[in-house]
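I have a new structure open today, and I am keeping notes as I look things up.

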Amino acid sequence: MQEIDFRELGAKFSPSEKRGIGLIKDTDLLIFCPGISTCGFAEIKMALQNKKRQIIATTIDTEGFKKTKKITKQLNLSNRITVKNEDVAQPMPYHDKCFDFIYARLILHYLSKQELDKTLKEFYRILKPGGRVFIVVRKKDWEANTPNIEYNANTKMITYQLFDSNMKLTPKKVSRYLHTNDSISNHIKTAGFGIKYIKEYKEQLFRDYLRTSPAPKLSSVIELLVSK
Ligand SMILES: C[S@@+](CC[C@H](N)C(=O)[O-])C[C@H]1O[C@@H](n2cnc3c(N)ncnc32)[C@H](O)[C@@H]1O
């Protein structure tokens, strides 16, 4: 198997990321990864685990798309990892029942309630029977209780200002659908999936693609493994 020194490349794997990659079985040969990880390191790891495996990794971030394409090419993995500039909330150009595993870490809370339902329906359509989806979403926590938040009851998106590393408010605003165990479970069940496990914990998240800028506090996340 090809050896790659991830630390030398600057990769920092988070606990939930290691767990998600660890859940993939040897028989999972076609994997869909919407919302590419930093430089595609998670997707590269998945490809290296099994030389028969194919990965489709997508993002709407043009910079991230270019960087990931470049690094997979440098590592001679372009024939195994297809990097695409694609919006997960749009109808997906994949056949019914084609993927063995979907790795959806820290992507679904970017979607409104309506987009999330459409996306999960598409996940269900493109997944093989018995296929599994690994999901990590942000949980509603301290950022949802900061000043000046705006809540859209129709989309369930919360718009809030980010804090810097000294816990000072910055002008930068983001919009997320921050979940509770019930909200994400209900969306999952509505799409037809069964929940194998659900758990919540705190994890260090980062503000930037290269994971150089940590969020000023640990973030609560909800992790699920679901199956068709
Ligand atoms: C928190 S990051 C990284 C997620 C990655 N799976 C990981 O575990 O590190 C979220 C990524 O999803 C991308 N993204 C956000 N909204 C998206 C959408 N609608 N479709 C595809 N990618 C999206 C962002 O550009 C970013 O690259």
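With which residues is Thr58 in contact, leaving aside its neighbours within four places in sequence? I found Pro34, Ile36, Lys84, Glu86 and Val88, where contact means that the C-beta atoms, placed from the backbone, lie within 7 Å.

**Ground rules.** I noted that this is a predicted model, in which local features need pLDDT of at least 70, side-chain atom pairs count only at pLDDT 80 or more, and totals for chains, interfaces and linings use all residues. Residues are numbered from 1 along each chain as its sequence is written.

**Thr58, continued.** I placed Thr58 in strand 2, residues 54-59. Helices (H or I, at least four residues) and strands (E, at least two) are DSSP runs, numbered from the N terminus. Thr58 counts as buried because it has 20 C-beta neighbours inside 10 Å. For my own reference, buried takes 20 or more other C-beta atoms within 10 Å of the residue's own, exposed 12 or fewer, and partly exposed lies in between, with C-beta atoms placed from the backbone. I also checked Thr58 against Leu127: they are 69 residues apart in sequence and 16 Å apart in space, C-alpha to C-alpha.

**The whole protein.** I counted six helices and 10 strands. The radius of gyration, taken over C-alpha atoms, is 17 Å, close to the 17 Å that the globule rule gives for 228 residues, so the protein is as compact as a globular protein of that length. That rule is 2.2 Å times the number of residues to the power 0.38. Along its principal axes the C-alpha trace spans about 50 × 40 × 30 Å. Of the 228 residues, 36% count as buried. I looked at contacts between residues at least 6 apart in sequence, and 70% of them join residues at least 24 apart.

**Helix 2.** Which residues of helix 2 are buried? In this helix, residues 15-22, they are Glu17, Gly20 and Ile21. Seen down the axis, the buried residues fall within an arc of 95°, so they line one face of helix 2; the arc is that of the directions from the helix axis to the C-beta atoms. They pack against helix 3 (41-49), strand 4 and strand 5 (127-138). On the face turned away from the buried side I found the exposed residues Pro15, Lys18 and Gly22.

I traced an open sheet of three strands in the order 6-7-8, with antiparallel pairing. Strand 6 (150-151) and strand 8 stand at the edges with a single partner strand each, so one side of each is left without a neighbour in the sheet. Two strands pair if DSSP finds at least two bridges between them, and two bridges join strand 6 to strand 7. Glu150 stands opposite Thr159 in strand 7.

**Two positive phi values.** Lys97 is not a glycine, yet its phi is near 50°. I located Lys97 in the loop between strand 3 (81-85) and strand 4 (99-105). Met167, also not a glycine, has a positive phi of about 60°, and sits in the loop between strand 7 (158-163) and strand 8 (169-176). Is Met167 buried or exposed? Met167 is exposed, because it has 8 other C-beta atoms within 10 Å. Lys97 counts as partly exposed, with 14 C-beta neighbours inside 10 Å.

Key:
Contact = placed C-beta atoms within 7 Å.
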